[in-house]
Amino acid sequence: MADASGQTGGLRAWLLTDTPTSRRHARISALYQGWLSFRSNTMAMVGLGILVLLVLIAFAAPLLAPHDPFAQDLGNRLAPLGAPGHVLGTDSLGRDILSRLIYGARITLYIVALVALIAPIAGLLVGTVSGYVGGWVDMVLMRITDIFLAFPRLVLALAFVAALGAGIENAVLAISLTAWPPYARIARAETLTIRKSDYISAIRLQGAGPLRIITTHIWPLCVSSLIVRVTLDMAGIILAAAGLGFLGLGAQPPSPEWGAMISEGRRFILDHWWVATMPGLAIFTVSLAFNLLGDGLRDVLDPKASE
Amino acid sequence: MNVFTRLLSGAALGLAVSLTPLTATAETPPNMLVIAHRIDDITTVDPAESFEFAGSDISRNVYSRLVYLDPMDLEAGYKPDLATSWEVSEDGKTITFTMREGVTFHSGNPVRAEDAAFSLRRAVMLDKTPAFILAQFGFTPENAEETIRVEDGKLVITTDKKYATSFVLNCLTATIGGIVDMETVMANEVDGDMGNTWLKTNSAGSGPYKLDSWKPNESVTLSSNPDYYDGAPTMERVIVRHVLESASQRLLLERGDVDIARNLNPEDVAGASATDGIKIEDELKGRLMYLALNQKHPELSKPEVRQAFKYLIDYEGMKNSFLSGQYTIHQNFLPATYLGASDENPFIYNIEKAKELLAEAGVENLEVEIGVREAQERIEIGQSFQNAAAQAGIKVNITVGTAKQILARYRARELDVYLGAWGPDYPDPQTNAGTFAYNPDNSDEANATGLLAWRNSWDTGGLTEKVEAAVTEGDRDKRVQMYLDIQAEFRETSPFVVMFQQIEQSAVRDNIANWSTGQAVTSAAYWQVTK
Amino acid sequence: MPLPNWLRTTLLTLGSIAVTLLGLLFVTFVIGRVMPIDPVLAIVGERASQSTYDAVFQELGLDKPLIVQFGYYIWDVIRLDFGTSLLNARPVSEDLARVFPATLELATLGIFIGIVLGVPLGVVAAVRKGSWIDQVARVVALVGYSMPIFWLGLMGLLIFYGILGWVGGPGRVGIFYVDVVPSVTGMILIDAALDGNWDVFKNAFSHIILPASLLGYYSLAYISRMTRSFMLEQLSAEYITTARVKGMSEWDVVWKHAFKNIRVQLITVIALSYANLLEGSVLTEIIFSWPGIGSYITTALLSADMNAVLGGTVVVGLIFIMLNIFSDLLYKVFDPRAR
């Protein structure tokens, strides 16, 4: 019987083994080694830390926020930083900026989560099918992808939101609509290389159908580069949502969406700069966190891109 | 990140020294007037078609009319412009104008009664948006040849009924009364459009300025008319530059790159007024801010509910905060300074009273949608109202959209509540009475989309007839009393919550004198401006 | 007889351009029709009577079926007629000739700044991987990815124009210089240079430098990151090790071998960034009162001025497709593996 530390050592050794005993063992071991190399990347850990914090803040918003984010007080509007009771000041209607930022974290998370679910999956689907099936299917799908790629991006999003009506869900859909084509391109390129590889031919010879090959053998191989790309794009997505908010087409008032807050506060930028700057910094921090994380993930998951 | 925190503190520091620029401010040339303004609403500069604010500014300076409003003496009302005098017939239906001698258009052609007749007929026959201003006197494309004519070198117009002469002449001071150069315009006619396509982007007037160029969303350039009959204007060139952001306008003004900034928000006005060399000029405008309740809505059509909404507006709070200096409380459909305007503002912010009224009406769990245009001040008014309504147990959902989106739904009678603004079209009380309190046919089929009362499905409860009577009343004092009565009833019974009247604050460099945006009755004038 | 290979390729390429453009137009057209914005209302305004409204409705041909309207439109486009803007009554082609050069000028200077600073930064970061330069490059790039452009734009304007007075304010050129030089290309810097009017040139430069730097910074972020990863891939290749072993100078290894091999990939990346800038950065254009194609299309869209939107989309789409084909061609010419 080994003692506790020995057990950990055993687990560690098991995880770091050069001679895995099963396929699952190999996979877990690879994951663990990836985690170790990721952990040694300080910047990426900082990014992860910020995002974990964001999630915590979003969940605990009612506990953390010092005020009701919607409570107006016209008598105490545009209070400066450090005003009594309002650490980050108040906005044009006298609402507490800190509380609004905290509640706004929920909206940001919501946007990020939805887009991250919709766009890459749509792209993966189109890209792998197009790449694997080839022929006229590839032709048609890639032309469609090109059409969407060639669209002025914000215009497409704008048009979509304008058609469906302003609002956070529609903004998310619109952003996803503009975000999927690059993923389709990436997935297709990967599929093309994988398709020709010997091991896919081997599987095909064993009698596996195209559906099975795509879902069980091609998708897993495309996922890592997609994850990296999505993480790096997250910043762009947050900024795009903020941009829609800035143009008044994102979240509807009085929602404390960060982009809309900047848009509201930009009128005072010369004399009350903090009203727009605080949400600006919040967006910046979260975007930066995603970028740092993406950078670190790239090093781990997609070694050829950075080594 | 360091760089940016430093930039930030740099900005804060810079602001602490109150925006003192390191370099000397530039100055515009002494014979040139440069204005920063939002001009994205201009869609045409044809006086028979132009109807938006920035377009009216151009028209007023480019086209002389029969009668005009003197920017240095707006209280005087209309004065002779291209017509030196006029006579009204016994039956009050025919007016004969004597034209000013020796005036020429920018092209060098003389200004004749024929041009005046052509211009008015043209406006009627083209039937563009502002044509209703003339059509209300019974002028139609079919009868224009007879009702607007030239006799012995004089212009003669005949209306279908007897109207107050002041009403007719007031309407002629509007943009649509601009006199165009018939020869030049008809030389540019395409497919029988009476020169409309050409005049959309060119000018053919006799006013103090001529239009050099209009670049959409970019700039408007005017140059002075050296032969203007009343003397060439001092400012030889006027450039109106399209600048969307208030902050950008303020920076341009403080740097001396523009002489006048017209769209500063209250915070930037406060900031700019503290800067040396800049003064703020206030002018009461005619634009009203109002809430309209759709009478098709089963709850909103209850009299108590209509009344309750009038107590759910934090008039004072808004006026003293984000509307500070730019709006004043006004609860009547005639803007202050208009003939017959009422200055009674009986409603105050009172949640308890509103709750009582709602309880009386038996309204519970009311949820309504309010359409708001994409403009910060309106969004804030909307949110303030939303906040107050919530306290009275009404859930208000704000839908923000572009002007055109929201407006389309409003005109189709689809919105529950609309937060809107309304500016008078000509300086006569009929302009607002005829839309807020006038609705002869409230059916959907009538499609009277131009009437605010119709848009809200309000049958006006008998005010329509009173408005009709007031507009033909010749006696001034009687007419004033009629409008006061209409407004008193309107305040209490109508589904309109008139809240504020606009004050335009121009931030002006202090070497500029005689600047005028036309107050409540007209548009901006440039020819009297000096440096 | 089968077609010669080059002709076949050319025809295929042209065909796919045509199909893409047609699709682009159709999607835009449909968007224009499903939008709840009424183009008639955009023209006639709030006060119009119903008869005025109906007249314009007919004039625009809105009473015809959608597919017929689209057919008419395509027929016009084939004859290079983009129609008239509903909002400002001018031919759309005239508007595009005015707004596109403004964007072209800004985007070109922006991408120039991005390349000149971004490529060397990326190369150095790769060569000195893990050093402080690499870390700085990473932070610079990540900040660029993460900054809301409107916030940075407003702050930049406040500091460099409002407080320091180093650069010109919003707009393309100072008010006294408006229309001073004859418009040949529509790009003020080039027009001024052609005219030899260096005062105008200086003034226009002072106006463009801030927004261009801003856009340049955003492309720099992307370009430097991509350069870095391409370079890393090359530097770890065997031939580089061989070259080093042979005693080749580090400078030659980096620039003559590694960098030479990433040229094609780099051009693709740059073309992509350039295409993005040429779409017109709506937010930058709004903040700097820059009358470019981005804000032109946006304004038109929100007012349902569909002729203007379609015209603008064709231009932007065409540029995107051209740049794509251009980089594909380069790929095929330089990279034997892709053949």
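Me: What pattern does chain C follow along the sequence?
Reply: Read from one end of the sequence to the other, chain C goes α-α-α-α-α-α-α-α-α-α-α-α-α-α. That comes to 14 helices and zero strands. Keep in mind that this is a predicted model.

Me: Roughly what box do the C-alpha atoms of chain C fill?
Reply: Along the principal axes, the box is roughly 85 × 70 × 40 Å.

Me: And how many of its residues are buried?
Reply: Chain C has 339 residues, and 53% of them are buried. As for contacts between residues at least 6 apart in the sequence of chain C, 71% join residues at least 24 apart.

Me: Which domains does the assignment give for chain C?
Reply: Domain 1 covers 5-78 and domain 2 covers 95-294. The C-alpha centres of these two domains of chain C are 35 Å apart.

Me: Looking at helices H5 and H11 of chain C, at what angle do they pack?
Reply: About 145°, with 10 Å between the axes of H5(C), residues 92-127, and H11(C), residues 250-278. The crossing of H5(C) over H11(C) is right-handed.

Me: Which residues make that contact?
Reply: From H5(C), they include Leu104(C), Ala107(C), Gly110(C), Ile111(C) and Gly114(C). From H11(C), they include Phe259(C), Ile270(C), Tyr274(C) and Leu277(C).

Me: How does the contact of H5(C) with H11(C) divide by class?
Reply: There are 12 nonpolar and four polar residues, and no charged ones.

Me: Switching to chain B. In what order do the strands of its open sheet E4, E5, E6 and E7 come?
Reply: The order is E4-E5-E7-E6 in chain B, with antiparallel pairing.

Me: Why is one side of E4 and of E6 left without a neighbour?
Reply: E4 and E6 of chain B are at the edges and have a single partner strand each, so one side of each has no neighbour in the sheet.

Me: By how much are neighbouring strands turned against each other?
Reply: By 25° on average, with direction ignored.

Me: What packs on that sheet?
Reply: Helix H3 of chain B, residues 113-126, packs on the sheet and touches E5, E6 and E7 of chain B. The direction of this helix makes about 170° with that of E6(B).

Me: Going strand by strand, how many bridges join E4(B) to E5(B)?
Reply: Five, between E4(B), residues 83-88, and E5(B), and the two run antiparallel. In this pair, Ala83(B) has Met99(B) of E5(B) as its bridge partner.

Me: What about the hairpin of E4(B) and E5(B), how many residues lie between the strands?
Reply: Five, and Gly92(B) in that hairpin takes a positive phi near 75°.

Me: Where do the side chains of E5(B) point?
Reply: They alternate along residues 94-99.

Me: How many bridges pair E5(B) with E7(B)?
Reply: Four, in the antiparallel sense. Here Thr94(B) is opposite Thr158(B) of E7(B).

Me: And what joins E6(B) to E7(B)?
Reply: Four bridges join E6(B), residues 148-151, to E7(B), residues 154-158, and these strands run antiparallel. Arg149(B) has Val156(B) of E7(B) as its bridge partner. Their hairpin has two residues between the strands, and Asp152(B) takes a positive phi near 50°.

Me: Now between chains: how many residues of chain C are in contact with chain B?
Reply: 47 residues of chain C touch 50 residues of chain B. On the chain C side, H7(C) gives the most, with eight residues. By class, that side divides into 28 nonpolar, 14 polar and five charged residues.

Me: How many residues do chains A and B put into their contact?
Reply: Chain B puts in 28 residues and chain A puts in 19. H14(B) gives the most to the chain B side, with eight residues.

Me: Which classes make up the side of chain B that touches chain A?
Reply: Nine nonpolar, 13 polar and six charged residues.

Note on methods. Residues are numbered from 1 along each chain as its sequence is written. Chains are lettered from A and ligands numbered from 1 in the order in which they are written. This is a predicted model: local features need pLDDT of at least 70, side-chain atom pairs count only at pLDDT 80 or more; totals for chains, interfaces and linings use all residues. Axes are lines fitted to C-alpha atoms, for helices over the stretch in contact, and angles run from 0 to 180 degrees between N-to-C directions. A crossing is left-handed if the near helix is turned anticlockwise from the far one by less than a right angle, and right-handed if clockwise. Two residues are in contact if their C-beta atoms, placed from the backbone, lie within 7 Å. Ala, Val, Leu, Ile, Met, Phe, Trp, Tyr, Cys and Pro count as nonpolar, Asp, Glu, Lys and Arg as charged, and the others, Gly among them, as polar. Two strands pair if DSSP finds at least two bridges between them. Domain bounds come from an automatic or database domain assignment. A residue is buried if 20 or more other C-beta atoms lie within 10 Å of its own, exposed if 12 or fewer, and partly exposed in between; C-beta atoms are placed from the backbone.
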